[in-house]
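Subject: Structure handover and findings

Hello,

Here is the structure I said I would pass on. My notes on it follow below.

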Amino acid sequence: RRGRRVGLLTDAFSLPSFAHLMLAALAGGKCIETEDGTIHFEPAENGEDKLRHSADAPVLWLSAEQSNSSLIVDDAVMLKVFRRISSGQHPEAEMSRYLTQHGFANAPPLLGEVCHIDKKGERYSLAVAQGFVRNQGDAWTWMLDRFNRALDDLATQEAAARADDVADYLA
């Protein structure tokens, strides 16, 4: 509230326009000068075209508890904004870049990275854009389901059969 004027303060991440502008800045390789350095939008090699979407492309916000805030644009791009920022290369950006550059087809390709480079030259990863890969769940849920199944079978199976239930974990 400012006098008689009432407004709304919100997190930009919750707005579809934020997602669209982030992808457009990545596709265009934009740089933004700040008081303490520069924000670089770095598209991955061959990633620019996959980052271009219409301004009304649908945005889906993920609600899973993670170490980042994630959204999906047009069922094609996942944008992850990191919640914990520290200097140096972010492991997810580094690993995604390596796997993408080496043609590894079993992980989402890196489409771009947003980083801040301060006046001293220190690099801080702020976000990554990756190709969206539809799946049927995650490893944690799969593992919990397998454990629950093994527990249910524990009372009715012989020892050899029980070993089969946990063989995947041992591997």
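What does the accessible surface of the chain come to, and how much of it belongs to carbon and sulfur atoms? The total is about 11800 Å², and carbon and sulfur atoms hold 54% of that. Please keep in mind throughout that this is a predicted model.

Overall shape and fold

The chain has 171 residues, and its radius of gyration is 21 Å, whereas a compact globule of that length would be near 16 Å. The C-alpha trace spans about 70 × 50 × 35 Å along its principal axes. Of the residues, 26% count as buried. Among contacts with a separation of 6 or more, 54% are between residues 24 or more positions apart.

The secondary structure consists of five helices and seven strands. Read from the N terminus, their order is α-β-β-α-β-β-β-α-β-β-α-α.

Helix H1

Helix H1 covers residues 16–28. Its 13 residues should span 18 Å at 1.5 Å a residue, and the end C-alpha atoms are 19 Å apart, so the two values agree. The buried residues in H1 are Ala-19, His-20, Met-22, Leu-23, Ala-25, Leu-26 and Ala-27. As background, an α-helix has 3.6 residues a turn, so residues three or four places apart point the same way. Just after H1 comes Gly-29, with a positive phi of about 60 degrees.

Loop between S4 and S5

Two residues other than glycine also have positive phi here. Asp-74 lies in the loop between strand S4 (68–73) and S5, and its phi is near 55 degrees. Asp-74 counts as partly exposed because its relative accessibility is 34%. Asp-75 is found in the loop between S4 and S5 as well, with a positive phi of about 55 degrees although it is not a glycine. At 49% relative accessible area, Asp-75 is partly exposed; the cut-off for exposed is over 50%.

Salt bridges

A search of the whole structure gives six salt bridges. Three of them are described here.

Arg-123 pairs with Glu-42, with 2.8 Å between the closest N and O atoms. This pair links distant parts of the chain, since Arg-123 is in strand S7 (residues 123–131) and Glu-42 is in strand S2 (residues 37–43), 81 residues apart. Both side chains belong to partly exposed residues: Arg-123 has 22% relative accessibility and Glu-42 has 26%.

Glu-113 forms a salt bridge with Arg-97, and the closest N and O atoms are 2.4 Å apart. Glu-113 sits in strand S6 (residues 110–118) and Arg-97 in helix H3, 16 residues apart, so this pair too links distant parts of the chain. Glu-113 is buried, with a relative accessible area of 0%, while Arg-97 is partly exposed at 22%.

These two pairs belong together: Glu-42, Arg-97, Glu-113 and Arg-123 are linked in a network of salt bridges.

Lys-80 and Glu-92 form another salt bridge, at 2.5 Å from N to O. Lys-80 is in strand S5 (residues 77–82) and Glu-92 is in helix H3 (residues 91–101), 12 residues apart. Lys-80 counts as buried because its relative accessible area is 12%, and buried means under 20%. Glu-92, at 21%, counts as partly exposed.

Cysteines

How many disulfides does a search of the whole structure find? The search finds zero. Cys-31 is in no disulfide, and the nearest cysteine sulfur, that of Cys-115, is 8.4 Å away. Cys-115 is likewise in no disulfide, its nearest cysteine sulfur being that of Cys-31. A disulfide needs the two sulfur atoms within 2.5 Å, and the separation here is 8.4 Å. Are the two cysteines buried or exposed, or partly exposed? Cys-31 counts as partly exposed because its relative accessibility is 47%. Cys-115 counts as buried, with a relative accessibility of 0%.

Regards

Terms used: Residues numbered from 1 in each chain as written. Predicted model: local features only at pLDDT ≥ 70, side-chain atom pairs only at ≥ 80, totals over all residues. Heavy atoms only, no water. Buried < 20%, exposed > 50% of the residue type's maximum accessible area, 1.4 Å probe, protein only. Salt bridge = Lys/Arg side-chain N within 4 Å of Asp/Glu carboxyl O. Helix = DSSP H or I, 4+ residues; strand = E, 2+ residues; numbered from the N terminus. Expected span 1.5 Å × (residues − 1). Rg over C-alpha atoms; globule rule 2.2 N^0.38 Å. Contact = heavy atoms within 4.5 Å. Areas by Shrake-Rupley, 256 points an atom, 1.4 Å probe, with all protein chains shown as cover.
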